[in-house]
Amino acid sequence: MAKIALITGATAGIGEACAHLFAREGYHLILTGRRHDRLDRLAQTLNTQYNVEIAVSPFDVRNRTQVVNALNSLPEQWKRVDVLINNAGLSQGLDPIHKGDYDDWDTMIDTNVKGLLYVSKLVANWMIDSKGGHIVNVSSIAAKNVYANGSVYCASKAAVDALNQGMRIDLLPYGIRVSGIFPGAVDTEFSEVRFKGDKERAKKVYEGFKPLAAADVADAVYYMVSRPAHININELILMPTAQANATTIHRK
Ligand code: NDP
Ligand code: 8X3
């Protein structure tokens, strides 16, 4: 029987790259994100390319009712999820704490922390029912190294770090593996979203060095998931060679 992976934030970047890789490896996929048109296009592409089954489940992870209704309304055969990739997330702005924007704070915390919790609770229960599974939480190097003007994003990713550890304890009796991945700079739509559509400013983030590609992160996620059943990779920190920590990048 084919395995099923549920990927949040599959419309772009790391989530989309995971969708490609897991489809290539024969997984059937539940793809989520807000941009329904992108989900439909991706589903069509993957179905044609890899002949895997895809369920598209569009919702905003911040909206608890939407999350619960969308996931509960999936047909029963889709609730046997083997792998959950908690990837949906974002940053908004770069501001010191005394000048931060309340709405930016709400968006980051509601998406990166509360959204991850809403999805995880439901899917963890499905995994308990099917006696196993693997949850991969996408955190960030920002969880490990707090940087100037980024404290709320960093805090939200540190919360993902804590939840990753806590879920591993709580789900231990059910044979559910829980892994966290902590990437450094990955060239995706992330900075364009952080800078609210300012493409020029976003481009500068990745200039003068070779950042990670979304596919590099997907490859590491697949590595964790494809270890033998008795092995759990608790945490994987993945950096561009030109980046030593969140703030030290060697640019040409
Ligand atoms: P992208 O902006 O390319 O992709 C983000 C994804 O998250 C999109 O699919 C987006 O879908 C989804 N998303 C955002 N908000 C919501 C929401 N409210 N509801 C549902 N889905 C949402 O960025 P990345 O691929 O880079 O980011 C993926 C994850 O990786 C994030 O958690 C990010 O924090 C983390 N990360 C990124 C790094 C980087 O340098 N790029 C480094 C370390 C970690 P849609 O807009 O369609 O809803
Ligand atoms: C994204 C990487 O360093 O811009 O999580 O916060 S960073």
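Predicted model: local features only at pLDDT ≥ 70, side-chain atom pairs only at ≥ 80, totals over all residues.
**Entry 1: the largest pocket**

The largest pocket holds about 1,200 Å³. I counted 49 residues in its lining, and Leu90, Tyr153, Thr188, Phe190 and Ser191 are the ones nearest the centre. Helices H1, H5 and H6 and strand S2 (28-33) each give two or more residues to that lining. H6 has the largest share, with four residues. Sorted by class, the lining comes to 23 nonpolar, 18 polar and eight charged residues.

**Entry 2: ligand 1**

Next I asked where ligand 1 sits. I found it in the largest pocket. Helix H1 (13-24), helix H5 (151-170) and helix H6 (190-194) are the elements that put two or more residues into its shell. There are 30 residues around ligand 1, and Thr11, Arg34, Tyr153, Lys157 and Thr188 come nearest. My tally by class for this shell is 13 nonpolar, eleven polar and six charged.

Then I looked up some polar contacts. A polar backbone atom of Gly9 is 3.0 Å from an oxygen atom of ligand 1. For Asn87, a polar backbone atom is 2.8 Å from an oxygen atom of the ligand. With Asp60 the side chain is involved: one of its N or O atoms is 2.8 Å from a nitrogen atom of ligand 1. I also checked the cover: ligand 1 exposes 870 Å² when taken alone, and the protein buries 96% of that.

**Entry 3: ligand 2**

Which pocket does ligand 2 take up? The space is again the largest pocket. I noted Ser140, Ile141, Ala142, Tyr147, Tyr153, Phe190 and Arg194 around ligand 2. By class I get five nonpolar, one polar and one charged.

Ser140 has an N or O side-chain atom 2.5 Å from an oxygen atom of ligand 2. Tyr147 places a polar side-chain atom 2.5 Å from an oxygen atom of the ligand, and for Tyr153 the distance is 2.6 Å. On its own, ligand 2 has 240 Å² of accessible area, and the protein covers 83% of it.

**Entry 4: the second largest pocket**

Last, I went to the second largest pocket, with about 280 Å³ of space. Its lining has 17 residues, and Lys3, Asp82, Gly133, His134 and Arg177 lie nearest the centre. Strand S5 (133-138) and helix H8 (214-225) each supply at least two lining residues. The classes here are six nonpolar, six polar and five charged.

Methods
Residues numbered from 1 in each chain as written. Chains lettered and ligands numbered in written order. Heavy atoms only, no water. Near = heavy atom within 4 Å. Polar contact = N/O pair within 3.5 Å; in protein donor to acceptor, adjacent residues only side chain to side chain. Areas by Shrake-Rupley, 256 points an atom, 1.4 Å probe, with all protein chains shown as cover. 1 Å grid on protein atoms, 1.4 Å probe; cavity = no way out; pocket = protein on both sides within 12 Å on 5 of 7 lines; lining within 4 Å. Sits in = over half its atoms within 2 Å of the grid points. Nonpolar A, V, L, I, M, F, W, Y, C, P; charged D, E, K, R; others polar. Points joined across faces, edges and corners; volume = space filled by probe spheres on them.
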